[in-house]
Amino acid sequence: MSLKRKAVDLAADAAKKPKNSSITSFFSQPKPNPSTSSNNPSQPASSPTAPETKPVVFDKEAWIAKLTTEQKELLKLEIETLHESWLGALKDEVTSREFLDLKRFLKRELETGKKVFPPADDIYSWSRHTPLPNVKAVILGQDPYHNLNQAHGLCFSVRPPTPAPPSLKNMYIALKKDYPEFKPPPKNGGLLTPWADRGVLLLNTCLTVRAHEANSHAGKGWEKFTQKVIDIVAAKRTRGVVFLAWGSPAQKRCVKISSKHLVLKSVHPSPLSAAKGFFDCGHFKKANAWLMERYGEDGTIDWNLDVAPEDAGV
């Protein structure tokens with residue numbers, strides 16, 4: 001039985017089963033569409049689940065022109081590295097008093113010699129790998145990894161040659177149960193950019209952390225900002241996306257999400273809790289079954305990660 005057919009079997013009885021499905025097509029690399037792809041990062045390619053309504057045109061230059069000198073200085077990173085689809089949706093949030101105070105805090109951290117992870121250019125990499133119109137699913141993390149050569153702006157993900165951390169290894173175990181044909185990254189790796197490029201928003205609650213000090217940037221303002229990101233996805237992706245909420249902190253972020261979306265809840269994949277139900281949660285297959293029912297084959301997610309780093313945007 002093919003993986004796609006297995007996914008559909010988990011959907012509602014009314015869902016139609018696809019014909020001529022195959023394991024090869026499910027795990028193959030997505031084919032680019034010449035009519036929709038773009039080399040311009042400010043113009044995201046269309047997604048099978050995208051644009052239910054006409055997007056609001058965001059005049060970035062006009063918006064920047066209205067900023068004060070201090071705002072331009074504090075928001076330099078957002079202006080230069082936050083994907084335009086997200087910046088347009090978050091423009092009021094980033095000019096809020098709370099967010100500007102967060103940026104002042106981060107500035108002081110650097111001015112006093114503190115090392116902060118991830119590197120500045122990676123803080124918003126989630127936005128560039130997964131533009132707002134392309135979001136199919138959201139995986140919610142907590143704090144960025146706080147050791148060297150780990151965090152790069154996507155929750156649970158690490159760049160090679162860093163090996164997959166324990167929580168991510170447990171995610172691989174759950175994936176293997178859902179899809180026995182699943183292949184993790186080469187060389188015991190933990191790079192999840194293929195997921196992000198396929199529409200999985202990999203978002204941490206806090207987007208920065210002080211080196212070697214877990215949760216050191218908690219309570220400084222990131223929580224409000226990332227909640228706004230979640231709220232925007234829920235509001236803008238009106239045909240529905242899947243939220244994978246593992247652990248009570250992630251689940252609390254999803255309490256106001258409407259029934260037009262799917263919220264899958266489980267314990268966290270951490271070694272401290274994974275054995276209490278994560279391994280058998282079936283979330284990866286359930287997510288695809290739900291997406292298949294709404295969007296068809298092109299709306300599902302290829303969870304396979306057996307991609308060479310040079311082919312995964314590294």
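I take a residue as buried when its relative accessible area is under 20%. The model I am reading is a predicted one.

**Entry 1. Helix α6**

I began with helix α6, residues 84-94, and listed its buried residues: Ser85, Trp86, Leu87, Gly88, Leu90, Glu93 and Val94. I then looked up what lies over these residues. The cover includes the helices α3 (60-65), α5 (76-81), α7 (97-111), α8 (125-129) and α11, together with strand β3.

**Entry 2. The chain as a whole**

I recorded 13 helices and six strands for the chain. Of its 314 residues, 53% count as buried. I also noted the contacts with a separation of 6 or more: residues 24 or more positions apart account for 71% of them.

**Entry 3. The sheet**

I traced an open sheet of four strands, ordered β3-β2-β5-β6, with parallel pairing. Which strands stand at the edges? I found β3 (200-204) and β6 (262-266) there; each has a single partner strand, so one side of each is left without a neighbour in the sheet. From one strand to the next, the twist averages 20 degrees.

Two helices that pack on the sheet were examined next. Helix α11, residues 222-236, touches β2, β3 and β5 (242-246), and its direction makes about 155 degrees with that of β3. Helix α13, residues 283-295, touches β5 and β6, and its direction makes about 170 degrees with that of β6.

**Entry 4. Strand pairs**

I went through the pairs in turn. β2 and β3 run parallel and are joined by five bridges. Within this pair, leucine 140 has leucine 203 of β3 as its bridge partner, and alanine 137 has valine 200 of β3. On the β5 side, β2 is joined by three bridges, again in the parallel sense. Here alanine 137 has valine 242 of β5 as its bridge partner. I therefore place alanine 137 in bridges to β3 and to β5, as strands of a sheet may pair through backbone hydrogen bonds.

The pair β5 and β6 is also parallel, with five bridges. In it, phenylalanine 243 stands opposite valine 263 of β6.

Is β2 covered or uncovered on its faces? I found both faces covered, with Ala137, Ile139 and Gly141 buried on one side and Val138 and Leu140 buried on the other. For β6 I noted a covered face, made of Leu262, Leu264 and Ser266, and an uncovered face, made of Val263 and Lys265.

**Entry 5. Helices α9 and α13**

I checked how these two helices meet. Their axes come within 7 Å and cross at roughly 55 degrees, which makes α9 oblique to α13. The residues that meet are Met171, Ala174, Leu175 and Asp178 in α9 and His283, Phe284 and Lys285 in α13.

**Entry 6. Aspartate 143**

I consulted the UniProt record, an unreviewed entry, which lists Asp143 under "active site". In the model, aspartate 143 is found in the loop between β2 (137-141) and α9 (166-178). Why do I class aspartate 143 as buried? Its relative accessible area is 18%, and the cut-off for buried is under 20%.

I listed its contacts, leaving aside neighbours within four places in sequence: Asn204, Cys206, Thr208, Val209, Ala214 and Asn215. For asparagine 215 I noted that the backbone nitrogen lies 2.6 Å from a polar atom of the aspartate 143 side chain.

**Entry 7. Threonine 208**

I followed the contact list of aspartate 143 to threonine 208. Threonine 208 has its place in the loop between β3 and β4 (209-210). I recorded threonine 208 as buried, with a relative accessible area of 0%.

Which side chains make a polar contact with that of threonine 208? I found histidine 217, at 2.7 Å, and tryptophan 222, at 2.7 Å. Not counting residues up to four places away in sequence, threonine 208 touches Leu106, Val116, Phe117, Pro118, Ile123, Asp143, Pro144, His217 and Trp222.

Methods: Residues are numbered from 1 along each chain as its sequence is written. This is a predicted model: local features need pLDDT of at least 70, side-chain atom pairs count only at pLDDT 80 or more; totals for chains, interfaces and linings use all residues. Side-chain values use heavy atoms; hydrogens and water are left out. UniProt positions are given in the numbering used here, feature names are shortened, and annotations may be inferred rather than shown by experiment. Buried means under 20% relative accessible area, exposed over 50%, partly exposed in between (1.4 Å probe, protein chains only). Contact means heavy atoms within 4.5 Å. A polar contact is a pair of N or O atoms within 3.5 Å; within protein, one must be able to donate a hydrogen and the other to accept it, and residues adjacent in sequence count only if both atoms are side-chain atoms. Two strands pair if DSSP finds at least two bridges between them. Axes are lines fitted to C-alpha atoms, for helices over the stretch in contact, and angles run from 0 to 180 degrees between N-to-C directions. Angles under 35 degrees count as roughly parallel, over 145 as roughly antiparallel, 65 to 115 as roughly perpendicular and the rest as oblique.
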